[in-house]
Amino acid sequence: MSTLHFQIQSDIRSALHIASSTFRSLSHRRTFTLPGRLLPPHFRSKSTSSFRPLPRAFSNDASVPDKPSICTADEPHYVSLPNSDWRVALWRYHPPPQAPPRNHPLLLLSGVGTNAIGYDLSPGSSFARYMSGQGFDTWILEVRGAGLSVQASNFKEIKETADAVSEQMEAVAKSVTNGVSSQQQPTNASGSLSDSEISFLGEDSIGIAIAWDESKLVTKLTEIFMRLSERLSGFLSDSQSRVISAKLLDQISKLLEDSQLSDRFEEVRAKLSNLLEKQQNSGITSQIKDLSQRLVNIIEEGQRSVSPQFIDMQERLSSTLEDFQKQLDLIVKYDWDFDNYLEEDVPTAMEYIRAQTKPKDGKLLAIAHSMGGILLYAMLSRCGFEGREPRIKAVVTLASSLDYTSSNSTLKLLLPLADPAQALNVPVVPLGTLLAAAYPLSSRPPYVLAWLNNLISAEDMMHPELLKKLVLNNFCTIPAKLILQLTTAFRERGLCDRSGKFSYKDHLHKSNVPILAIAGDQDLICPPEAVEETVKLFPENLVTYKVFGEHQGPHYAHYDLVGGLLAVEQVYPCIVQFLSQYD
């Protein structure tokens, strides 16, 4: 492995450590994309879970007037997802009157943890505007958790939430530009009394203060253990529930290390663990409450002891419970994976676009970058397996693959998150927050994180101000469950569904959709050999494979195919020519 890979691995490990400690302060979502303009490119051409029916779009799914300030599309639309309170956002770009007429709408899909901004960085660097200028009714999908997608039940909530997200994204960029940290300071919501308040109460009141704290701690413990007993209402499997329960009990156990109370704690711990193995019922509820009371009593006894290590025992326990509660909330809030996007977000958006544009043959065109392309590949494979028509006229993928085993992709350095226990320990990766915090170190002397820029864009392929906008506004928080599933692309069978039984590679040969697969010559995230690994699985007469980049430079990195300086002259016309053949 190269020196650069060692450096990246070390920095990623540090970032994961930061993520483990900073996720507690996450109170808002933020977003990101990784998606070129180059001298004459080198071309290489080669002739080389099932979906349930979706409900029709709700009657109140439509465009929203007074779009958020961050949205540069002509119209923002919101579409309800089935069996969810999420509404995915669609950015629509109308063709100008002078543009050539087209027969099919165009859907753009972004990479993992990214939003629509990567396709529309500025008026002079906008893939979306370019495609609409070529006559395509262009739509960018922001999947759940990305960009302006929201959890809301009505238009008032949609607008308020979207405006808040928009304002926060702009504020983060402004604060980093001004040299202010973008991370919000965590608040102490424990509600426990401070030392000064207890002192102010006087010695006679200390017993009351302890009793009040005790009651609150018992309630907190009971609520947490009940949630774990209920498997967080279906969000956790039995094994995951055991792992995370043990994690909490380990944290409490550390408060009692090297004390005479540890044996009593272990007795209570064993009984609690046994109860959490059982299905929830009314009897378990009362037993959990009783055991929670016993735990707090042990802590209180330590508090009254003369040993200095117990002086702040209740405060430390309260803080532990608060942090743990936030972790449980994050597990519930960010409870989706790749298959949720594949089976719900993308099909729902496609159905909505068809309903709005009414193409005569009911089909649309699709262009997708990074994970967006992986989604389209997986959809074609599923349709081939089930003998269904995908209702897609043609597909263009940019830096996408279902199998990375043959490449030296830097994404292999995320494999430690493939451990389910680690995914529970870090339920989300706040990528947007981490990159915003790292940006000054990558863009200013002594450039200790300059390699981050090379992952996104090759040297001199993006204007510095546009690269800054991309880094600060285009990335979001990623669920560990999503990363966990995506890491299967680095194993022998390639990307699999969440059950691990269905390989999305296995049925690409059944596809009847024309494919243009594009790679960048210096893409460290999805190298050309990874792109080609998937391309060769399609019928030879339906696939075209092109690599952009010259031996002497300039070069294309991961995002340059979408927003690099030379993409408008070299990549975009190639895509338009391909799509025009099938429109």
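Cys-496 is buried, at a relative accessible area of 5%, where buried means under 20% relative accessible area, exposed over 50% and partly exposed in between (1.4 Å probe, protein chains only). Keep in mind that this is a predicted model: local features need pLDDT of at least 70, side-chain atom pairs count only at pLDDT 80 or more, and totals for chains, interfaces and linings use all residues. Residues are numbered from 1 along each chain as its sequence is written, and side-chain values use heavy atoms, with hydrogens and water left out. Helices (H or I, at least four residues) and strands (E, at least two) are DSSP runs, numbered from the N terminus.

**Cysteines**

- Cys-526 is buried too, with a relative accessible area of 0%.
- The disulfide count is 0, taking a disulfide as a pair of cysteine sulfur atoms within 2.5 Å.

**The core**

- The largest nonpolar core has 129 residues; such a core is a set of buried Ala, Val, Leu, Ile, Met, Phe, Trp, Tyr and Cys residues joined through side-chain atoms within 4.5 Å.
- Setting aside residues up to four places away in sequence, Phe-338 touches a list of residues including Met-371, Ile-374, Leu-375 and Ala-378, with contact meaning heavy atoms within 4.5 Å.
- Also on the Phe-338 list are Leu-482, Gln-485, Leu-486, Leu-495 and Tyr-504.

**Rings**

- There are 13 aromatic pairs in the structure; rings of Phe, Tyr and Trp (its six-membered ring) pair if their centres lie within 6.5 Å, and planes under 30 degrees apart count as stacked, over 60 as edge-to-face and the rest as tilted.
- One of them is Trp-139 with Tyr-352, an edge-to-face pair at 6.2 Å centre to centre and 85° between the planes.
- Trp-139 sits in strand β8 (residues 138-142) and Tyr-352 in helix α11 (residues 338-357), so this pair ties together parts 213 residues apart in sequence.
- Trp-139 is buried at 0% relative accessibility, and Tyr-352 is buried at 2% relative accessible area.
- Elsewhere, ring pairs link Tyr-119, Phe-127, Tyr-130 and Tyr-572 into a cluster.
- Arg-382 lies over the face of Phe-502, 4.2 Å from the ring centre; the rule for a charge over a ring is NZ of Lys or CZ of Arg within 6 Å of the ring centre and within 35 degrees of the ring normal.

**Strands**

- Strand β11 (residues 392-398) has 6 of its 7 residues buried, so it is largely enclosed by the rest of the structure.
- β11 pairs with strand β10 (residues 364-369) in the parallel sense over 6 bridges, given that two strands pair if DSSP finds at least two bridges between them.
- Leu-364 has Ile-392 as its bridge partner in β11.
- Strand β15 (residues 543-548) is mostly covered, with 5 of its 6 residues buried.
- β15 runs parallel with strand β14 (residues 515-520), paired over 6 bridges, and Leu-516 has Thr-544 as its bridge partner in β15.

**Two spots to look at**

- Ser-132 lies in helix α2 (residues 127-133) and is buried, at 3% relative accessible area.
- Beyond its neighbours within four places in sequence, Ser-132 is in contact with Tyr-93, His-94, Pro-95, Pro-96, Ala-99 and Thr-138.
- Leu-524 is in the loop between β14 and α18 (528-535) and counts as partly exposed at 27% relative accessibility.
- The C-alpha atoms of Leu-524 and Ala-557 are separated by 6.9 Å, with the two residues 33 apart along the chain.
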